[in-house]
Amino acid sequence: MVRQVRVPMLVLKTWRDILARKGQFAALIVLVALGITSYVGFIDAYRNLSAAADNAYEALKMADFTVSVGGAPTGVVHKIEVVPGVKSVEGRLVIDTGMDITETNQGTVRVIGVPVGHRPVVNDILVEQGRYLTSEDGAAGLLHTRFARATGHMTGGRLTIRTGGGKIDVPIRGVVASAEYIFPVRAKGEIPAIDEFTILYMSSHEVERIFRRQSQVNDIAVIVEAGADPKRVAGRVEDVLEPYTVLQTVQRIDQPSYAAVGEEIKQNQSIAAVMPPLILAISVLSLYIALSRLVQSQRGEIGLAKALGYSNGAVLGHYLLFSLIIAAGGAVLGIAGGWALGNYTTQMYIDLLHIPYLNKGIYIDVIFSALLMSGVACVSAGLVPAFASARLAPAKAMHSDPNLAVKGGRLPLVEQVFGWAMPKSFSFRVPLRNVFRQRRRSLYTVIGIAFAVLLVFATMAMFDSVNWLLDDYFQITERWDISVGFEQPVSGTQVREIEHWDGVTSIQPALAVPVEVSTARATHEGAVTAMEPVATFHGFDVLKGDDPRTALERNGIMIPKVVAEKLGVGVGDRVTVDTPYRDEDVTLVVRSITNESLGTPMYTSLDTGAELIGSPTRQYNALYLGASPRYEKALKDDLYDLPGAAQVMVKNQVVAMFRDMMSFSYFFFGLLLAFGFLMGFVVIYTTFTANVLERTREIATMRTIGEDTGHLGLMVTLENLFLALPGIPLGLWLGALVAQGMMASLAGETYNFPLVIARETYLYVTVGSIVVLLFSEIPPIRRILRLDLAEATKIIE
Amino acid sequence: MPTPAERDDVVVLESASKVYRMGEVDIPALRDVDLRIPRGEFVAVVGPSGSGKTTMLNMLGGLDTPTHGRIEVDGVDITGYSERQLTLFRREKIGFVFQFFNLIPTLTAEENVQFAIELASRDGEPPDTDPRHLLEKVGLGERIHHFPSQLSGGEQQRVAVARALAKDPVLVLGDEPTGNLDFRTGKLVLGALKEMNREGKTVILVTHNTPLARVADRILHIRDGQIMEQEIVENPVSPDEIVW
């Protein structure tokens with residue numbers, strides 16, 4: 001015998017009510033799904049990235065710190081192996097030199113020596129294509145995956161590198177990834193120049209031979225014992241290396257790639273922390289509006305259900321079921337969408353950044369927390385209307401809703417005060433009064449609009465700031481066209497020669513010195529650029545202290561605000577500067593505190609620069625050139641041909657690379673904008689559908705007595721604009737605050753650029769919001785047009 | 001008796017039919033109705049529920065269109081009118097009084113009346129009517145600044161009558177205007193309609209309440225979508241005399 005399953009009547013009613021309002025419920029489910037998608041998507045992405053980075057650091061034995069020296073015998077490694085706290089050591093030669101990417105395009109390659117008898121015990125590499133080096137390979141190499149894929153230098157190809165006196169062709173045996181170059185950058189805050197800079201691993205013996213550094217290492221990579229303090233161990237290692245001129249010690253946290261990956265994870269975390277609560281808050285408001293309207297419109301049915309004997313609990317459950325269905329629908333869609341978004345983002349990391357060990361994970365705890373978030377948000381939105389339904393007395397419920405009437409018999413305050421100045425037309429006054437008719441609903445709609453605008457505006461503000469960096473920073477702050485760095489000093493004669501090259505419009509020499517700047521409170525590792533007081537290649541934004549010329553003439557140091565705060569110094573305070581070139585420290589006075597958007601560059605005079613490297617005369621190892629655009633390429637090639645030229649940067653190419661890199665971020669900007677506009681649409685659509693449903697008879701009456709649909713549409717638009725009037729400025733203000741907060745959370749030694757909001761952005765966001773508002777009116781206006789006037793004028797509201 | 005050509009008929013229905021299609025079934029609501037109503041007449045339409053009286057009223061008011069036949073109001077054939085034309089027609093020619101008053105809740109009594117005047121003024125000269133005067137006429141001179149929620153049902157319906165008059169319509173249509181009122185206030189509203197008629201307006205009142213129809217000059221008895229009987233009331237009663 002087949003047992004018939006009977007669906008409880010109230011459950012059946014819930015289902016039919018949803019079908020009758022499928023547009024509204026679908027919109028609410030989409031809104032909740034957006035919140036959950038953003039949560040799951042961004043968390044998945046940063047967890048995938050974080051897990052990949054952790055895996056890479058672990059599997060490829062990333063160093064806890066590295067120490068650069070001028071040059072030490074290979075045997076020093078054995079001395080370091082026995083330093084307390086040291087677990088593994090790898091001594092390597094790390095040399096930056098030029099390379100010919102194509103016949104006409106040059107770049108910088110970092111050549112790193114690796115053992116061929118065994119794999120490196122620290123800073124190992126992952127062979128993605130080809131094979132690891134053997135002793136038979138001679139001067140062959142393994143090339144970093146990102147450069148190899150970007151330029152087509154794959155296994156079997158060759159790469160031409162400069163060796164001081166000449167060039168050699170290095171056969172490529174494999175394409176590799178590395179934990180210390182997940183992001184292939186040379187310094188913290190540097191923009192990855194994917195097709196300009198790469199890493200080439202070669203047999204350590206070959207590197208020694210080619211660069212004439214027999215039996216030498218200049219880079220010591222160390223992994224410490226579990227529980228050991230890397231800083232203390234580094235101190236002991238530095239003591240051992242003292243005779244070989246310690247140039248720089250870099251802890252893992254300051255390692256350029258490690259820091260860049262950390263920044264990327266931090267950005268994803270910031271979005272994951274801001275976006276979902278924002279969207280879910282809007283969902284709660286919209287759901288509250290829709291369910292309140294549902295309860296109001298079903299007062300008669302609630303009264304009847306109670307009269308028939310349904311308990312308060314059953315009625316409460318019935319209306320909470322709507323919330324739960326939306327929560328479930330939103331969660332399922334959102335988790336699926338979030339998983340897809342997380343996967344897409346991860347795939348972009350794989351395709352664009354070639355991050356090793358990157359997998360698309362499914363995180364059960366994220367799924368559970370998404371379900372919980374969706375449930376809590378929707379149920380909390382439905383609780384008030386559901387309790388209101390349960391509290392209704394049957395007899396009272398069957399009467400029309402007194403809330404629909406205008407209470408108190410007063411005009412809205414705004415009309416009482418400013419009515420004299422307002423248009424007398426009812427096409428203006430009716431919508432204005434409607435706004436104050438359901439004050440709570442209007443308030444929530446205003447908040448909803450504000451949140452949607454917030455999301456769009458904050459995104460656009462971040463976008464503006466990045467564009468400012470690209471368009472203004474590189475013009476106002478970085479005033480050179482080509483920069484070149486040398487591994488060895490350049491003579492004044494050379495500088496004067498270059499000045500006369502075709503295409504060179506100006507030349508300003510400088511000296512870059514790696515330093516440790518210390519106070520009693522902290523130490524900051526970085527570089528000081530020594531320059532002429534009249535030099536103009538770098539534009540300063542001085543926050544406190546002397547203007548640049550005075551500061552440099554007074555032989556002080558100019559430091560960025562981030563460093564000043566870290567060191568706890570102000571203008572006039574003294575800092576100790578330690579360089580690898582002299583035994584004793586130099587004390588300098590802080591003359592100015594500056595605002596620097598990228599990195600933490602410090603500046604001093606050329607005389608002080610000479611003092612820092614222990615030279616009695618001025619020295620130069622960097623040149624900043626002004627150049628005619630059509631000569632830039634030729635100049636770059638010629639500069640690379642100079643002895644000791646390690647890195648030549650053409651600003652236009654740097655900006656282009658930055659734009660390329662930003663294309664990854666544009667996806668997120670686009671996504672956030674789409675979310676914002678969609679949210680705005682749903683908020684207005686939900687509110688206005690509720691309003692139109694509630695005022696069906698009223699609207700039908702207006703049409704019956706002769707109001708045309710054009711004027712009714714105008715009234716709907718005006719009512720929405722009255723809600724948008726406070727909503728849009730509030731959203732702009734909140735958006736600026738959120739953008740400021742996000743910028744502050746991202747600010748550090750790498751990026752510290754200001755929040756710059758273009759004036760047009762205010763206009764675009766306002767106009768865009770109004771356009772979305774007009775679009776979201778279309779469904780409710782269509783409902784007005786389709787009204788059966790004869791029927792609708794008889795509806796009991 | 002004037003010939004049809006001499007008569008000033010405000011309403012002319014010729015073989016007007018209305019068929020509603022419900023799924024697979026055709027439901028005739030009005031069958032070949034012929035009707036002429038001269039200007040200034042007060043006509044009551046009575047009949048049981050579903051007889052077609054409201055359908056006829058809706059077609060006369062431009063809220064519905066006939067499936068067959070022809071409708072002429074104030075000398076204009078509205079049979080093939082578009083939605084836009086019907087809107088203008090309603091705006092200019094018709095005053096409605098609904099069962100549920102249907103006032104705009106955000107507007108005061110005076111503004112509800114003024115709203116209709118504003119509509120009528122949109123495409124031409126404003127009607128020479130003063131909302132205050134109209135409200136005074138229906139006995140609401142002291143309540144002009146009250147919102148509908150502050151008025152009783154009878155008061156609301158009298159505002160609705162004033163609103164219907166505001167645009168100086170050629171035809172006033174009342175669909176059960178006393179159906180939602182008690183006896184006393186119902187009579188007040190009926191009195192207002194009667195007064196309107198005395199001033200020359202053509203009034204058509206739909207009701208299922210036969211005694212109330214005795215205030216009219218003519219009573220149309222409708223059943224099954226057809227006018228079964230037309231009864232001329234020799235001595236229409238005053239609303240005060242009605243008992244129901």
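The dialogue below reads the main features of a predicted model with chains A and B.

Q: How many helices and strands does the secondary structure of chain B come to?

A: Chain B has 6 helices and 10 strands. The radius of gyration of chain B is 18 Å, close to the 18 Å that the globule rule gives for 244 residues, so chain B is as compact as a globular protein of that length. The C-alpha trace of chain B spans about 50 × 45 × 45 Å along its principal axes.

Q: What are the corresponding figures for the secondary structure of chain A?

A: Chain A comes to 24 helices and 21 strands. Its C-alpha atoms fill a box of roughly 100 × 75 × 50 Å, taken along the principal axes.

Q: What share of the residues of chain A counts as buried?

A: A residue is counted as buried when its relative accessible area is under 20%. By that cut-off, 56% of the 797 residues of chain A are buried. In chain B, buried residues make up 55% of the 244 residues.

Q: How much accessible surface does chain B have, and what part of it belongs to carbon and sulfur atoms?

A: The accessible surface of chain B is about 10300 Å², with 47% belonging to carbon and sulfur atoms. For chain A the accessible surface is about 32800 Å², and carbon and sulfur atoms hold 58% of that area.

Q: Which contacts in chain B join residues 24 or more positions apart, and what percentage do they make up?

A: Contacts with a separation of 6 or more form the reference set, and in chain B residues 24 or more positions apart account for 70% of them. In chain A, the share from residues 24 or more positions apart is 82%.

Q: How many positive and negative side chains does chain B have, and where do the centres of the two sets lie?

A: Chain B has 27 positive and 38 negative side chains, and the centres of these two sets lie 2 Å apart. Chain A has 70 positive and 76 negative charges, whose mean positions are 14 Å apart.

Q: How is the size of an interface often given?

A: The usual figure is the accessible area lost when the parts come together. Here, chain B and chain A bury about 2700 Å² between them, and 62% of that area is on carbon and sulfur atoms. On the chain B side, Phe100(B), Thr106(B) and Phe115(B) lose the most area to chain A, together 20% of what that side buries. The contact takes 29 residues from chain B and 31 residues from chain A.

Q: Where does Ile219(B) lie, and is this residue buried or exposed?

A: Ile219(B) lies in strand β9 of chain B, which covers residues 218-223. With a relative accessible area of 0%, Ile219(B) is buried. Setting aside residues up to four places away in sequence, Ile219(B) touches several residues, including Ala44(B), Val46(B), Glu229(B) and Val233(B). The C-alpha atoms of Ile219(B) and Ile232(B) are separated by 6.4 Å, and these residues are 13 residues apart along the chain.

Q: In which strand is Ser17(B) found, and which residues are in contact with Ser17(B)?

A: Ser17(B) is found in strand β1 of chain B, residues 9-22. Its relative accessibility is 7%, so Ser17(B) counts as buried. Beyond its neighbours within four places in sequence, Ser17(B) is in contact with Leu30(B), Arg31(B), Asp32(B), Pro66(B), Thr67(B) and His68(B). From C-alpha to C-alpha, Ser17(B) and Met56(B) are 9.0 Å apart in space and 39 residues apart in sequence.

Note on methods:
Residues numbered from 1 in each chain as written. Chains lettered and ligands numbered in written order. Predicted model: local features only at pLDDT ≥ 70, side-chain atom pairs only at ≥ 80, totals over all residues. Heavy atoms only, no water. Helix = DSSP H or I, 4+ residues; strand = E, 2+ residues; numbered from the N terminus. Rg over C-alpha atoms; globule rule 2.2 N^0.38 Å. Buried < 20%, exposed > 50% of the residue type's maximum accessible area, 1.4 Å probe, protein only. Contact = heavy atoms within 4.5 Å. Areas by Shrake-Rupley, 256 points an atom, 1.4 Å probe, with all protein chains shown as cover. Lys, Arg positive; Asp, Glu negative; His and termini not counted. Charge placed at Lys NZ, Arg CZ, Asp CG, Glu CD. Buried area = accessible area lost by both parts, 1.4 Å probe.
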